[in-house]
Amino acid sequence: MSLLILKLLLISIFAGWLSIWILKPTEFWTQKWKAAEEKANASSIFRYNGLDFVVYAFPLIALAIIGYIYLELKQTERINRRGRRNALTCFSSRIYVNSYLGVLSGAQILASSLFIIFLVWTFYARVSADFKKMTPVKTFKLSPWEYKFFRMATRCGLLSEVCLALLLLPVLRGMSIFRLLKIEFEASVMYHICLGNAMIFFATLHGAGTFFIWGIKHRIPDEMWKWQKKGRIYLAGEIALITALIIWMTSLPQIRRKWFQVFYYTHHLYIVFLVFFLFHGGDRHFYIIFPGVFLFALDKLLRILQSRTETCVISARVFPCRAVELTLPKDPRLKYTPTSVIFLKIPSISRFQWHPFSITSSSSIDEDTISVIIKSEGQWTSALYNKINGETDLETDRRVCIQIATEGPYGPASLDFLRYDNLLLVAGGIGITPFLSIIREISSKSSNGRNGYPDRIQIIYTIKKSQDVCLLDPILPQLMNIENFHINLKVFVTRENQIGATLREVLNEIPETRTTNFTTAHTSYAIYGSERLLWVAAITTVSSIKFLLSLVFLNHFIVSPAKKPSAQKSSSSLVDFLLMCSFAMATLSSTLMAVIIRWRKLKNGLRLFSDKQSRDMKQSSVEASRDLDEHEIRFGGRPNFQDIFAKFASESGGSDIGVLVCGPEAMKESVASACREAMILQKNAKGKNPHFYFHSLNFTL
């Protein structure tokens, strides 16, 4: 009942927040809002600052606070099989494949279309109102077409502001509100990229159009260096635009993949960008983007505090395919869901770089440890691989301790994506890692007799070389016990040709994995994970109240009545500075609260960990198992997904099938196309037909 009440409250707040955005460009809202601000300045202690915060910023913050409580309560919900499909689920699960846009679901297309319509509506409403007024620009005279062009360029800045208001929400980790929509962090990054591209596009039109008009009137030297006491600060806008362009150019895939360090460090220029955006747009415009900035700052703060407690690597298993499995100590009370990711930083390699990796272990099985598999492919991962094979400590039989900082784990709020009668898992290369945690989690629940998980699982694993099959080592016990776990594996080796080789023979030919143990004398801390969402909701509530009180206090007692910009459309630098001071005070209070919570957690729950090592699968068990012969391995070709889907659908007996894919984009598009074709064929066939639910996982962010 409590979940239902919270859900209705979330829907009501979201509807109200959305209504404000829709009404904001209209002349009706402009007139009513101007009168409301004047009334607030005259009769309220909160003044226009408090009114702007409560109306524009707080609804989204309240949505986040209630959402965290909802997600915390939902974690205790019992796992049940997915219910009967309806028109909404069928539409949202419908997929479309485009060579430029990739794989899109019906829900993504609908949301994108509505957002584009909203941008068009905002631009039209603003520009049409400007054209009716035709107010002359005081500093220089413009002809009608110049005035219209100038106003259109100005309104492009508002569209950029809309994109900026949503830009930081998809990259929240511990405080992610996208989980309310069942969108995980690795998937939400795509929305961050799209919003960033749109923001840069509109901001560039805004800046270029303004400079064009200045150039026509020969006013560029006079206007571009202005730092006005009142109104728009042009120089601040120019600095913000240049900073945004630098961030955008260094985040292009060609640069990000080749020079990751350049991408990583220049992305931290967002602080410079936000400060100068505030000075350019003024505090009234900043309240529009405030929720995203506020939640991102709190999320960043909590992540910094979590990562301050470093742990160390207990052991590492080195695979023949230049991959390593790191085993880290974990608090037994820390639970996470399959497909969760954890961010790692190794100070001895880089003091600032964080890299996300899929967790391969299951908290239901491994209570004291957490494991990730990392393949040596880039500069950072190659440095880690070489470090694992470093010098041995002469005083012990173990290698020198590798200290490591962690953030997370971050994973889905529920296991809805596993509530299918059948699962079809498609992986390419290192993309198998999130599926290892799924298999281990399902096997653990199945052993305990808990219902709600798939009855049949098929794994399609595509690799370049046969030695990459060693990455399946963590789930070999499940692969060798088909009777209990009902798992079928099909391996496709694309760059080798072996006639008649079986999976057992390939596994026997691969050299055994080598386990390396490390000293743990330098630290006794285990991974405790992120704070509980109830604490996150409390911190967010206290910080937002602290910000509002600080803002009201500073504006009421520091800004004199003559300097208050109550009747002006833009604010002074002093008011902008006071807003930053209020933000700093709120952040300081949240820091103190988070430190106390973390300290109490470490003090009351500190547990020494032991060097519990991963167990290697003995070669004799591989040779003795007959179930390995039930699995297939094929050489010299790629999987035919159309045939695989058709056969698996016929074997499912009309039940729903969850399709999870993790691999290169080309593979995802192929699987999505096959899934779509299979749904069309099954729809035209007679009898009870299965429905395919497509889910895409990312192993590169």
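A salt bridge is taken here as a side-chain nitrogen of Lys or Arg lying within 4 Å of a carboxyl oxygen of Asp or Glu. The model is predicted, so that local features require a pLDDT of at least 70 and side-chain atom pairs count only at pLDDT 80 or more, whereas totals for chains, interfaces and linings use all residues. Residues are numbered from 1 along each chain as its sequence is written, and side-chain values use heavy atoms, with hydrogens and water left out.

Arg-303 and Asp-299 are both buried, a term denoting under 20% relative accessible area, with exposed meaning over 50% and partly exposed in between (1.4 Å probe, protein chains only).

Arg-173 forms a salt bridge with Glu-407, the closest N and O atoms being 2.7 Å apart. This pair links distant parts of the chain, 234 residues apart: Arg-173 is in the loop between helix 6 and helix 7 (185–216), and Glu-407 is in strand 9 (residues 403–410). Arg-173 is buried at 17% relative accessible area, and Glu-407 is buried at 3%. Arg-173, Asp-299, Arg-303 and Glu-407 are linked in a network of salt bridges.

A further salt bridge pairs Arg-155 with Asp-130, with 2.7 Å between the closest N and O atoms. Arg-155 lies in helix 6 (residues 144–167) and Asp-130 in helix 5, so the pair ties together parts 25 residues apart in sequence. Both Arg-155 and Asp-130 are buried.

Methods:
Helix = DSSP H or I, 4+ residues; strand = E, 2+ residues; numbered from the N terminus.
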